[in-house]
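Work through the exercises below with the model open. Try each task before reading its solution.

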Amino acid sequence: LPAVPGAPTSVTAAPANGSVVLHWTAPSGVSPGPTNYIISRATASGAEVVLANGLSATTYTDTAVVNGTTYYYVLYAVNAGVATSAASSEVSAQPTVPPAVPGGVTATAGNGQVALTWTASIGNGTITYNINKSTTSGGETLLASGVSGTTFTDLAAVNLTTNYYTISAVNAGGSS
């Protein structure tokens with residue numbers, strides 16, 4: 001009888017817009033080691049059924065999902081002798097759409113600084129903001145990312161120089 005491999009470890013499920021990305025670590029300690037994996041999925045905890053099998057990589061992107069629905073996953077390792085492991089720990093994720101574009105943006109110039117304010121974006125999950133800046137319209141590049149709240153002060157503004165800013169909202173679904 002072939003040795004039964006251990007279950008995949010360090011399983012993570014990362015939500016995105018219209019997908020869930022799964023990553024895991026191959027089990028170790030049993031020879032022969034796993035040659036492929038089985039992924040099971042459900043919309044209720046503990047009710048998973050096979051979604052994909054015969055996978056050789058330790059990552060998988062599930063694109064057969066609906067934004068706003070929570071999905072639960074367990075994984076199994078299979079070795080060359082066709083022995084299947086116990087289930088991995090269950091993980092879950094809820095894919096979502098990107099948040100709305102921030103509104104009401106204002107820029108107030110000061111001595112060597114510009115204070116930006118905006119209206120919070122509507123969207124699911126944790127929303128942060130990326131601030132982009134340029135001295136030419138349309139040429140904005142990233143100045144700050146992961147900004148929480150609805151204010152930001154650019155302390156590197158040069159007096160008597162026109163600065164252009166854009167603000168995008170970001171959540172697990174992507175950027176506005």
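**Exercise 1.** Which side chain meets D62 in a salt bridge, and what does the pair tie together?

Solution. Apply the cut-off: a salt bridge puts a side-chain nitrogen of Lys or Arg within 4 Å of a carboxyl oxygen of Asp or Glu. The partner of D62 is R41, at 2.8 Å from N to O. D62 lies in strand 5 (residues 59-62) and R41 in strand 3 (residues 34-42), so the bridge ties together parts 21 residues apart in sequence. Strands here are DSSP E runs of at least two residues, numbered from the N terminus. Last, check burial (under 20% relative accessible area, 1.4 Å probe, protein chains only). D62 and R41 are both buried.

This is a predicted model: local features need pLDDT of at least 70, side-chain atom pairs count only at pLDDT 80 or more, and totals for chains, interfaces and linings use all residues. Residues are numbered from 1 along each chain as its sequence is written, and side-chain values use heavy atoms, without hydrogens and water.

**Exercise 2.** Where do D154 and K133 lie, and are they buried or exposed?

Solution. Their side chains form a salt bridge, 2.7 Å from N to O. D154 lies in strand 12 (residues 151-154) and K133 in strand 10 (residues 128-134), so this pair ties together parts 21 residues apart in sequence. D154 is buried at 2% relative accessible area. K133 is buried at 16%. The salt-bridge count comes to 2.

**Exercise 3.** Which residues is I39 in contact with, beyond its neighbours within four places in sequence?

Solution. Start with the location: I39 lies in strand 3. Its relative accessible area is 0%, so I39 is buried. Now list contacts (heavy atoms within 4.5 Å). They are L22, W24, V49, V50, L51, A52, L55, Y60, Y73, V74 and L75.

Key
Helix = DSSP H or I, 4+ residues; strand = E, 2+ residues; numbered from the N terminus. Buried < 20%, exposed > 50% of the residue type's maximum accessible area, 1.4 Å probe, protein only.
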